[in-house]
Amino acid sequence: MNAAFRSALGLTLIMAGSARASSAQADADTPPSCVTSAWHVLTRADGLPDQDVTALRFFDGSLWVGTRSCLARLEQGCWTRWGAESGLPDSAILSIDVDPATRDVWLGTLGGGLWRMSAGRLDRFDQFQSGLAGDVVFTVRVIGPRVWAATNGGLCAFDWVHGTWDLHLERRAHSPETVVRAIEPAPDGVFAVGWEEGLWRIEDRDHGGERLVPLPELEPVGLSFALGRAWVGGAARAWRSEAKEAWRARDVPAPLPGAAACFTVSDTGRIWFGSSRSLWLLTDFESGEWYRFDFGTQESGEASAVHRVREGADALVPGLPGLPSAGELRCLAAVGDELWAGTSRGLLHASSAVRGAAHACSAPVSPAPMAKPTETLPSPTYVAVLGPFLRRTVALPGDAGGVNRHMRVDPSAADAAFRAHAASRSSGGRPPVVVQSEFLGLSPYAWGTPEDEVITQRRKHEPVAWIGTIEPGDRVACALSLLEERPWIDPALTEPAPEELASPWIFRCPSQDPLRQRRLLERCFAELACKRPLLLRDGDPYDDLHVEWWKSAAEQRGTPVVAELQLSEVLKVPGALESLSQAHGFDVVLCWTDATASGELVRYMRARGLEQPVLASDAVVSSVFLERAGGAPGRVLAPRPCPHREHENGGASAAGHRYAADGMQTAMAQASTTYRAVYAATGHLLDALNRSGPNRMELRRNLEERRELELVRLEGGRWR
Amino acid sequence: MRNVLALLASCFLVAAGRAQDEVLTSLCGSRVCLECHVAKGRAQACTLEPIPEHAASWRALRKEPAAHIAALTGTTEPPTESSLCLGCHTSGADLGSRWWQTSFDNREGVQCEGCHGPGSDHVRARRAGTPGEVPPPLGIRKGERSFCDDCHRPRPSHDLVLAKSWRLAPEDREYKTPVNLAVAPDGRRLFVVGEHSNSLLVLDVASGALVREIPVGQRPHDVALSPDGSRVYVSNRFSHSVTVIDGASFERVGEVPVGDDPHGLVVSPSGADVFVVDTGEDAISVVDARSLTESRRLVAGRAPWSLALRADGRSLVATSLRPLSAPFRTEPRSELTEIALGANVARARPAVEGATMMMGIAAVPGRDVLLFTLTRPKNLVPITRLAQGWVETFGLGVLWPDGRVDQLLLDEPGRAFPDPEDVAVSPDGRFAVVSSGGADELALVDVERLLHTLESSSDEQRARVLPNHLGRSAEFVLRRLHVGANPRGLVFAPNGRELYVAEALEDAVAVVSMPEFTLTRRLDLGGPRVTTELREGERLFHDATVTQGRQLSCRTCHPDGHIDGLAFDIEADGLGLHPVDNRSLRGIFDTPPFKWEGTNPSLERQCGPRFAVFFTRLDPFTPDELAALVRYLSTIERPPNPHRAADGLTPRQRRGKAVFERARANDGDELPLEKRCTTCHGSAYHESGAVQDVGTTMWFDAAMEVEDPDLEDESDFGPMGIALYQDVLDLARRFDTPMLRNVYASPPYLHNGAVRTLEEIWTRFNLYQGHGMTHDLTRGQLNDLVAYLKAL
């Protein structure tokens with residue numbers, strides 16, 4: 001072999017090696033097919049019956065789609081729809097599963113319970129007429145001979161053949177209910193994830209041995225079981241189960257635009273993570289390679305894009321479009337490299353295979369319409385009320401591990417206060433139950449002024465529901481033990497002051513059980529014998545759910561309902577408003593939150609063309625608000641005297657929301673001041689509601705004409 | 001640190017307390033109790049006088065009268081095995097043997113723990129403690145004299161047998177009672193199900209001789225053959241099984257467990273699968289014929305009854321006896337269930353409006369049409385139109401290939417065709433024959449004319465006129481033939497020249513020649529030739545000729561002695577007022593009074609002249625007839641409860657029993673007596689014989705003037721407006737306490753049938769806790785309670 005040949009050979013080899021190196025490098029740089037797949041959006045124009053998609057399920061070549069108003073199936077390019085005319089409830093479908101043995105379709109709904117559709121016949125199972133734990137069924141799974149339902153009242157398994165219902169997790173729960181969000185079958189049991197209890201494993205499906213699997217994620221958004229492992233989606237992290245109950249995590253590389261909303265793992269180990277504004281893909285857990293798909297937006301004109309994030313480096317992937325413009329991500333379904341994503345404005349689909357355009361079937365496969373539903377009452381007037389996340393936890397004395405240390409309360413002082421209450425009661429009527437003040441567990445509520453503080457008690461792990469007034473004393477008028485449903489504070493001894501008579505009631509019940517809520521509320525009202533507008537205070541994680549429930553209750557009572565949405569993040573505001581706007585409608589926005597969030601809110605409303613007036617507290621109208629609002633905010637109503645000019649340069653955005661480290665008194669005083677200001681605005685609103693009744697136009701006019709309110713307009717960058 | 005330890009300790013104690021709840025107590029037996037609790041011993045002795053009869057009470061069940069008493073209570077098991085009999089004659093029967101320690105022997109009769117509750121915890125504490133120390137009475141219940149009343153009550157069954165020396169006739173155990181039949185593919189053998197003989201009778205068609213009588217399970221109902229005749233399958237209602245028999249040797253091959261109360265069955269054309277309706281579970285079991293195991297279970301209509309293959313062999317259709325669950329006071333609506341063969345999944349569920357009691361079904365060869373029998377009840381209006389035929393009407397339904405359903409009546413004006421049991425179609429598809437169990441009659445239908453009647457009518461006529469027209473049957477019913485007592489199952493010979501009729505209460509098979517449609521011979525099944533009092537009563541029960549226009553028999557509303565799932569507006573007191581739920585007749589003899597208001601102290605009173613006033617509108621039964629009818633009613637059997645395992649209650653049911661028997665609420669407060677379940681639902685029958693007001697009266701249960709219609713709570717508590725009634729007029733009505741045995745099988749509930757499930761009794765209809773103190777129950781406790789009730 002001569003030198004030239006050897007050189008040539010070497011060169012060739014080097015080139016080949018280079019080529020292989022280049023090829024390997026090129027392979028490493030080539031996104032997988034699930035990234036390069038074309039994205040399509042299916043909307044009503046494509047036959048999708050309802051664009052607000054809430055649940056997805058693949059089965060046997062068909063895609064089952066749950067929406068806010070109906071169930072749909074996409075099969076061989078043809079849509080079939082089942083809605084209210086078929087007998088389905090007017091509740092969003094949260095989950096779908098198909099029994100492989102019988103082909104029966106099981107549906108979990110938002111407040112309508114559990115449904116089975118078998119050859120077109122619909123059967124309902126709810127918490128009134130069956131053993132279902134709760135009517136909000138987040139997840140339904142057919143596992144063997146039983147149907148498992150993760151509900152707001154716990155996890156239950158239904159053996160439909162024998163008609164038996166097993167409850168799980170109840171005995172371990174710190175409260176009578178445990179909100180369970182997701183379940184997945186595993187070869188050796190069932191995994192379930194709750195809202196506050198972490199991850200559970202039911203080891204023996206038949207006898208229900210339960211075990212808490214420690215998981216360092218307090219508020220998981222999703223659960224999957226794939227490749228022999230459990231996968232949990234956290235707020236910004238994907239967890240994978242390892243041996244001996246250890247977990248490994250992969251953080252989402254960048255702050256999620258929008259709150260984490262959905263999570264799934266495909267059968268091939270592709271991990272999808274959805275927030276309200278973006279979609280993330282972890283292509284391989286070991287390599288930690290992420291792809292981010294941004295949504296395009298119509299308003300801002302931002303183009304959607306795909307970014308690859310690997311070893312901390314974020315690089316735009318050229319030539320790949322991101323997600324087309326759609327609504328907020330709600331649910332995901334992945335099979336192999338194919339992904340379906342349900343959004344609030346359509347169904348996203350990415351597949352390496354090109355699907356034919358879908359179309360609506362000419363005749364839906366469904367039985368004859370069921371009996372006509374009873375006539376519904378006209379919807380009451382109600383409003384969206386937005387507030388900050390006001391969770392105040394109480395730490396145990398001496399406990400160094402409290403989650404929040406904003407406040408400390410001396411339990412003996414509170415106990416003494418309650419005993420004083422009891423001692424002052426007359427002997428007539430039913431003797432109240434004196435509850436020992438035991439502080440066990442996390443997140444009891446403290447509310448009201450220091451002088452009249454009501455603390456949610458846990459006696460044998462049962463919380464208390466109460467009705468209080470807004471003003472003037474933030475007084476608790478009536479409280480009922482959750483389990484006993486007997487008075488805990490006797491309303492006969494807490495006569496309302498004259499100035500309170502126009503004040504709305506606040507109903508606060510930590511139970512997620514709508515039946516219990518309703519019964520307690522009715523008991524409270526029966527005790528108080530007074531019908532006033534109702535302010536319902538509820539918080540995460542399913543704000544619109546509570547609006548749904550209480551809309552129904554309010555309809556029956558003819559009571560205006562003020563639905564308060566306590567949002568843990570200001571960025572959830574748009575989503576909440578959007579869902580309210582689409583599903584329920586609202587008339588007035590009352591701003592409780594700080595100027596930052598309020599400004600964002602107003603900007604969002606303007607962008608969406610929502611023209612409802614905003615009724616603000618004095619703390620809102622400030623320069624910070626102005627800056628966030630980004631221009632003319634439309635109509636903002638604030639109680640007189642509106643001190644906005646005083647706050648123009650300083651901003652009182654954090655007033656009441658900064659908890660002084662030096663003690664409860666200051667914090668409570670500050671909070672109370674802000675709350676009172678907001679209450680004042682609320683009081684005006686509710687008075688206007690009382691006068692106008694359900695006439696929405698009348699309400700708006702009444703508000704704007706009230707002498708106590710000042711209509712503030714922003715002109716030329718200044719408040720007028 | 002101390003606080004942390006205290007916290008940890010409190011958590012542990014809480015956890016330990018929960019673990020304690022999971023360990024349920026068991027029975028130790030009197031001998032263990034007597035180790036300490038003897039007269040003049042240190043431990044407290046029983047304050048009751050020693051009662052030797054208690055110790056002998058189990059032995060009494062082995063004596064001759066016990067079997068006759070058991071028959072009068074609807075008991076199918078031997079008295080020494082019946083939980084009903086053992087409930088009073090021993091201790092521990094209610095729990096079951098899985099809760100008996102080895103030291104416990106139920107043959108020792110009524111023992112200490114029968115009153116004081118299971119003593120295992122108390123004994124364990126005693127043995128673990130210091131000698132001489134008094135152990136805590138863990139789980140021990142203080143005895144009350146009232147406990148005695150649960151068992152020591154007058155029982156008509158005991159009185160009739162012990163005081164009046166009533167006995168079952170020997171022949172009562174020898175009747176065959178043929179209910180269904182099948183013919184071999186070659187036409188030479190006839191297979192007849194003997195319901196009361198618990199056997200399958202094989203007859204030679206030509207000679208009529210009995211070739212073989214094969215024991216099968218308890219209370220067999222239907223028989224089907226594989227297409228090649230090599231296998232014979234028999235459904236057994238009380239055994240919850242299918243017996244498999246070799247078609248050549250007639251030997252039993254096996255027994256396949258299926259669902260509750262199986263009735264009709266059919267074999268797929270390939271012979272690979274056997275489909276059986278589980279009437280008690282609203283399901284269809286699919287049995288793999290090769291492995292003889294159940295491969296899956298499918299949701300069916302309510303109380304499915306029988307099945308038929310479509311002519312193309314690609315699917316089969318099941319009928320259903322009871323209407324689907326629907327809002328109260330709406331017209332009944334029943335379901336046909338179509339199963340796609342091969343995939344073996346439900347394919348369609350055609351609805352049949354206004355109809356119930358769909359029993360027999362048959363395919364019409366060559367037309368891909370199915371015919372099925374049906375009843376059209378008029379339960380929403382008072383039964384004042386008996387003479388006009390406006391209480392019950394009977395007919396045939398037609399299921400077309402596209403799923404459309406038509407209905408036509410077989411009645412004539414003033415002369416109903418009551419209780420159509422079965423339909424068979426001749427092999428050439430020309431004729432259909434329908435059996436009327438209530439009139440002892442067969443109707444010969446010209447199929448082509450029947451279908452022409454429909455096809456030549458407008459949609460409006462088909463939907464609204466024909467299903468209610470009493471005068472159209474003459475267009476397609478060619479002839480009616482009187483046969484023996486209570487004809488049920490029908491089958492044509494393969495050559496179509498003969499029709500075989502199971503004459504259930506004639507104890508024979510009638511042979512009808514076709515197309516002449518004449519009775520040519522009767523095949524004797526070898527049963528008694530004597531008609532006993534019971535058999536006479538059973539005939540009267542099924543006889544509609546006691547009613548004006550033959551419009552209904554007892555069986556019309558009480559098939560299998562049970563229910564039709566309807567609430568009836570019986571009395572002419574106003575439209576829609578005071579409806580009453582239909583009650584089961586199974587095992588009711590010892591549960592007077594009768595009628596929901598409890599105004600009839602005996603069955604004789606219930607079925608006597610009053611019955612004629614409201615129902616039959618003819619002369620009442622003669623005294624002898626009434627006696628025979630009542631005797632038969634008394635012996636209507638109660639099927640074994642599938643929710644109760646052979647060894648007793650499951651832990652879940654046991655927890656439910658604790659809820660049922662609780663005397664304290666969850667907060668520890670004592671429950672008033674009237675708020676405890678056991679006050680009204682104690683004893684082995686779980687009924688007290690008392691008439692009670694439990695706050696279940698609803699606004700439509702009596703006429704009333706509503707003064708203030710603006711009652712805000714009216715719609716808050718379900719569609720019944722119960723709060724309206726309670727708040728406005730405070731009227732209360734008392735109702736007879738129903739027996740809870742087999743309560744799982746008799747929805748809807750309460751006196752007016754307004755409650756669809758057991759859960760609803762307390763989630764919707766116990767607003768003021770008149771029906772027990774239940775508002776403090778957790779979800780789990782309520783589920784456990786329902787599980788227990790289903791096991792009764």
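## Domains 2 and 3 of chain B

In this predicted model, the centres of domain 2 of chain B and domain 3 of chain B, taken over C-alpha atoms, are separated by 26 Å. The contact draws 27 residues from domain 2 of chain B and 21 residues from domain 3 of chain B. On the side of domain 2 of chain B that touches domain 3 of chain B, two elements give two or more residues: strand S14 (315-322) and helix H12 (533-541) of chain B. H12(B) provides the largest share of that side, three residues.

## Domain layout

Chain B is divided into four parts: domain 1 (26-143 + 153-167), domain 2 (172-536), domain 3 (551-634) and domain 4 (651-697 + 732-790).

## Cis peptide bonds

The peptide bond that joins B:Pro592 and B:Pro593 is cis, with omega about 5°. B:Pro593 belongs to the loop between strand S32 (580-581) and helix H14 (603-607) of chain B.

Another cis peptide bond runs from B:Pro747 to B:Pro748, and its omega is near 0°. The loop that holds B:Pro748 lies between strand S34 (735-736) and helix H20 (758-763) of chain B.

B:Asp261 is a residue other than glycine with a positive phi, near 55°. Its place in chain B is the loop between strand S8 (252-257) and strand S9 (262-267). Is B:Asp261 buried or exposed? B:Asp261 is buried, because 24 other C-beta atoms lie within 10 Å, and the cut-off for a buried residue is 20 or more.

B:Asn486 also has a positive phi without being glycine, with a value near 60°. This residue is found in the loop between strand S26 (477-482) and strand S27 (487-492) of chain B. Why does B:Asn486 count as buried? B:Asn486 has 28 C-beta neighbours inside 10 Å and therefore counts as buried.

Technical notes. Residues are numbered from 1 along each chain as its sequence is written. Chains are lettered from A and ligands numbered from 1 in the order in which they are written. This is a predicted model: local features need pLDDT of at least 70, side-chain atom pairs count only at pLDDT 80 or more; totals for chains, interfaces and linings use all residues. Domain bounds come from an automatic or database domain assignment. Two residues are in contact if their C-beta atoms, placed from the backbone, lie within 7 Å. Helices (H or I, at least four residues) and strands (E, at least two) are DSSP runs, numbered from the N terminus. A residue is buried if 20 or more other C-beta atoms lie within 10 Å of its own, exposed if 12 or fewer, and partly exposed in between; C-beta atoms are placed from the backbone.
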